[in-house]
Amino acid sequence: MIEASDGRRRARILMMAYACSPWRGSEAGAGWHTAVEAARYCDTWVICEGATFEGEIRRYIHEHGSPRGLRFVYLPEKRWAGPAWRIPGAGYLSYNLWQRRALRLARGLHEEVGFDLVHHVNIIGFREPGYLWKLGVPFVWGPVGGTQNHPWSFLTEADLGGALLEAVRNVANRMQFRLSRKVRRACRAADVIIAANSAGQVDFASFHGVASILMSELGVREVCSGRMQRPLDDHLRILWSGSLITRKALSLLIRALAQLPGDISYELRVVGDGPLRAR
């Protein structure tokens, strides 16, 4: 345990970060950096998935030392979990079962440590808010995302399989967010909800009548503080980063660039890969 600068006991936080790695981006990177920042101010315990992330975390600790005030508890997924994530919807079943096991682990830790706060960090999708709220400790949920839909008018730009998948996801999103018992209970139990984007913030207020704090899961407040000035005859340079899947809609950017006047010179760099690369 670490004492605060005035000699008092530091607050103790239990985080649920299924994905957590110092070597990755996306969910795992956000989980890692959220935990590291929390440990600067509070003693922090993190429950994360062990089969994928334990080796990466241990390698970092071996090379760089353990972050001060931070402890990891590893809970491996079942062996069939990996293949399940390749089947639409099946991955969330595996994840829900993992969260139930994680609750049992969390209860044991709480009896031993006595947490002041619990925080469900990721996976950030609203469908599975976890069960930490059952510990009876102040509960933070978020950042929460995934409520926003693929605009129907843009589906004509998508590949056939992707368009069908996004159409089904649009309908499922609205039904699950409004009707899911797990979501309703987490909303009622949460002392603080953090919305990952403004669409989610509006949805929480509209469908569940709860206020939320707006904060990107990336922790980035702004990309740049002002408009960059460049000569009019210079190249327009665009960097696009993301998975090449229907939902990311790279095709819309390509279509927009094709409509630029012929005297505008531009350069587009795409950083990413995925099933739509050939298309």
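1. Glu166 and Arg169 both sit in helix H5, which covers residues 160–179, and they are 3 residues apart there, about one turn of the helix. Helices here are DSSP runs of H or I with at least four residues, strands are DSSP runs of E with at least two, and the numbering starts from the N terminus. A salt bridge links Glu166 to Arg169, with 3.9 Å between the closest N and O atoms; the term stands for a side-chain nitrogen of Lys or Arg within 4 Å of a carboxyl oxygen of Asp or Glu. Glu166 counts as buried at 2% relative accessibility, and Arg169 counts as buried at 16%. Through salt bridges that share partners, Glu166, Arg169 and Arg247 are joined into one network. Buried means under 20% relative accessible area, exposed means over 50%, and partly exposed is what falls in between, with a 1.4 Å probe and protein chains only.

2. A word on the basis of these points: this is a predicted model, in which local features need pLDDT of at least 70 and side-chain atom pairs count only at pLDDT 80 or more, while totals for chains, interfaces and linings use all residues. Residues are numbered from 1 along each chain as its sequence is written, and side-chain values use heavy atoms, with hydrogens and water left out.

3. As for the whole protein, it has 8 helices and 9 strands, and its C-alpha atoms fill a box of roughly 65 × 45 × 40 Å along the principal axes. Of its 279 residues, 42% count as buried. Among contacts with a separation of 6 or more, 67% are between residues 24 or more positions apart, where contact means heavy atoms within 4.5 Å. The protein exposes about 16300 Å², of which carbon and sulfur atoms supply 55%; accessible areas come from the Shrake-Rupley method with a 1.4 Å probe, and for residues only the protein chains shown count as cover.

4. Thr246 can be read together with the helix of the first point. Thr246 lies in the loop between strand S8 (236–241) and helix H8 (250–258), and at 12% relative accessibility it counts as buried. Leaving aside neighbours within four places in sequence, Thr246 is in contact with His150, Ala158, Asp159, Gly162, Ala163, Glu166 and Leu276. The loop between S8 and H8 also holds Ala249, which is buried with a relative accessible area of 19% and has a positive phi near 55° although it is a residue other than glycine.

5. A search of the whole structure finds 12 salt bridges. In one of them Lys182 pairs with Glu128, the closest N and O atoms being 2.5 Å apart. Because Lys182 lies in helix H6 (residues 181–189) and Glu128 in the loop between strand S4 (117–122) and strand S5 (139–144), this pair ties together parts that are 54 residues apart in sequence. Lys182 is partly exposed at 29% relative accessibility, whereas Glu128 is buried at 5%. Another salt bridge joins the side chains of Glu37 and Arg40 at 2.9 Å, N to O, and Glu37 is partly exposed with a relative accessible area of 41%.

6. Helix H4 (90–113) and H6 each supply at least two residues of the positive patch, and the largest share, 3 residues, comes from H6. Arg107 lies in helix H4 and is partly exposed at 39% relative accessibility.

7. Some backbone details deserve a look, given that most residues other than glycine have a negative phi and most peptide bonds are trans. A cis peptide bond joins Asn122 and Ile123, with omega about 10°, and Ile123 is placed in the loop between S4 and S5. Gly142 and Pro143 are likewise joined by a cis peptide bond, with omega about 10°, and Pro143 lies in strand S5. Ser26, which is not a glycine, has a positive phi of about 55°; Ser26 is found in helix H1 (residues 26–39) and counts as exposed at 59% relative accessibility.
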